[in-house]
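Subject: Structure handover and notes

Dear colleague,

Here is the structure I promised to pass on, with the sequence alongside. My notes on what was found follow directly below.

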Amino acid sequence: GHNYFRSENPYRLHSWAGFGEVYYQVAPDVKLTGGLRWTDDQKSFTEIPSWTVFEGEGYPVTGILDQQWKEWTGRFVADWTPKLDFTDQSLFYASYSRGYKGGGANPPGVVPTYLESPSNATHPLTFKPEFVDAFELGTKNTLLDGSMTLNGDVFYYKYQNYQISQIVDRTSVNLNFNATVKGAEAEATWEPVPGLRFNFAGGYENATLDNGSQ
């Protein structure tokens, strides 16, 4: 027989980016931060089937796939550091950021692409770049003459084309789904006397794929 299996997906990546941030002190206790990033990703994939279709012909290269993405991303943060009677130091912040991760190509399926088979559905030739819009509100506090810290935040992430890797036909295949993640976190430390410290950390997260995703 000639049902030899091979999983190989070589590629070359050229990536460059430029980024910077600016800060503006609106008031003595309010600071704004803005940042931008420009990313240029170029990928070149060599498509090698994972199954020798014809006896004696080895693993023929079926083609070269070139991909490129050019994206703007960035973030905005507002910090407020009020003077409060019940804390030593306090920081309240609100932030928004947009993130990006380049797409790519999957290994070809275990059968020729011109045949109809389950591999055509489970091995899409390419997967899309991933984007996320992230929103966060939080606070950081020092209390009791520095012996206690108390921090907390809530967050909401909206993903477009979230990349999920699955093992299909003995190889790794990336698929895209839209998803939402929301939750909250809290952490605290208390050192009532030198050498004795209590720590607490907890979180809640609710992550879901969009309706219709499978």
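Predicted model: local features only at pLDDT ≥ 70, side-chain atom pairs only at ≥ 80, totals over all residues.

Lys101 forms a salt bridge with Glu130, and the closest N and O atoms of the two are 3.8 Å apart. Because Lys101 lies in strand β4 and Glu130 in strand β7, this pair ties together parts that are 29 residues apart in sequence. Glu130, for its part, is buried, with a relative accessible area of 9%.

Arg98 is partly exposed at 29% relative accessibility, whereas Asp133 is buried, with a relative accessible area of 13%. The structure holds 5 salt bridges, and one of them to look at besides these is that between the side chains of Arg197 and Glu191, at 3.3 Å from N to O. In that pair Arg197 is exposed, with a relative accessible area of 53%, while Glu191 is partly exposed at 28%.

Which strands lie behind these links? Strand β4, residues 89-101, pairs with strand β7, residues 130-143, in the antiparallel sense over 13 bridges. Within that pairing, Ser95 has Glu136 of β7 as its bridge partner. Strand β4 also pairs with strand β3, which covers residues 63-80, again in the antiparallel sense and over 7 bridges. In this second pairing, Trp80 stands opposite Phe92 in β4.

Another residue of strand β7 that I would ask you to look at is Asn141, which is buried, with a relative accessible area of 11%. The side chain of Asn141 is joined to that of Ser90 by a polar contact of 2.7 Å, and it makes a further polar contact, of 3.0 Å, with the side chain of Thr139. If neighbours within four places in sequence are left aside, Asn141 is in contact with Thr87, Gln89, Ser90, Leu91 and Phe92, and also with Met148, Thr149, Leu150 and Asn151.

Turning to the nonpolar side chains, the largest nonpolar core has 5 residues in all, namely Val132, Phe155, Tyr159, Ala179 and Val181. The elements that give two or more residues to this core are β8, residues 148-168, and β9, residues 171-193. When residues up to four places away in sequence are not counted, Ala179 touches Tyr157, Lys158, Tyr159 and Tyr162, together with Thr208, Leu209 and Asp210.

The aromatic rings deserve a separate note. A pair of aromatic rings is described by the distance of the centres and the angle of the planes. The count comes to 9 aromatic pairs. In the pair of Tyr11 and Phe45, the ring centres are 4.9 Å apart and the planes stand at 25°, which is under the 30 degrees that count as stacked, so this pair is stacked. Tyr11 lies in strand β1, residues 11-27, and Phe45 in strand β2, residues 30-47, so the pair ties together parts that are 34 residues apart in sequence. Tyr11 is partly exposed, with a relative accessible area of 45%, but Phe45 counts as buried at 3% relative accessibility.

How are the rings of Tyr159 and Tyr162 placed, stacked or edge-to-face? Their centres are 4.9 Å apart, and because their planes stand at 70°, over the 60 degrees required, the pair is edge-to-face. Tyr159, which was named above as part of the largest nonpolar core, counts as buried at 16% relative accessibility, whereas Tyr162 is partly exposed, with a relative accessible area of 31%. Finally, Tyr96, Phe135 and Tyr156 form one aromatic cluster.

With best wishes

Key
Residues numbered from 1 in each chain as written. Heavy atoms only, no water. Pairing = 2+ DSSP bridges. Helix = DSSP H or I, 4+ residues; strand = E, 2+ residues; numbered from the N terminus. Salt bridge = Lys/Arg side-chain N within 4 Å of Asp/Glu carboxyl O. Buried < 20%, exposed > 50% of the residue type's maximum accessible area, 1.4 Å probe, protein only. Core = buried A, V, L, I, M, F, W, Y, C linked by side-chain atoms within 4.5 Å. Contact = heavy atoms within 4.5 Å. Polar contact = N/O pair within 3.5 Å; in protein donor to acceptor, adjacent residues only side chain to side chain. Phe/Tyr/Trp six-rings, centres within 6.5 Å; stacked < 30°, edge-to-face > 60°.
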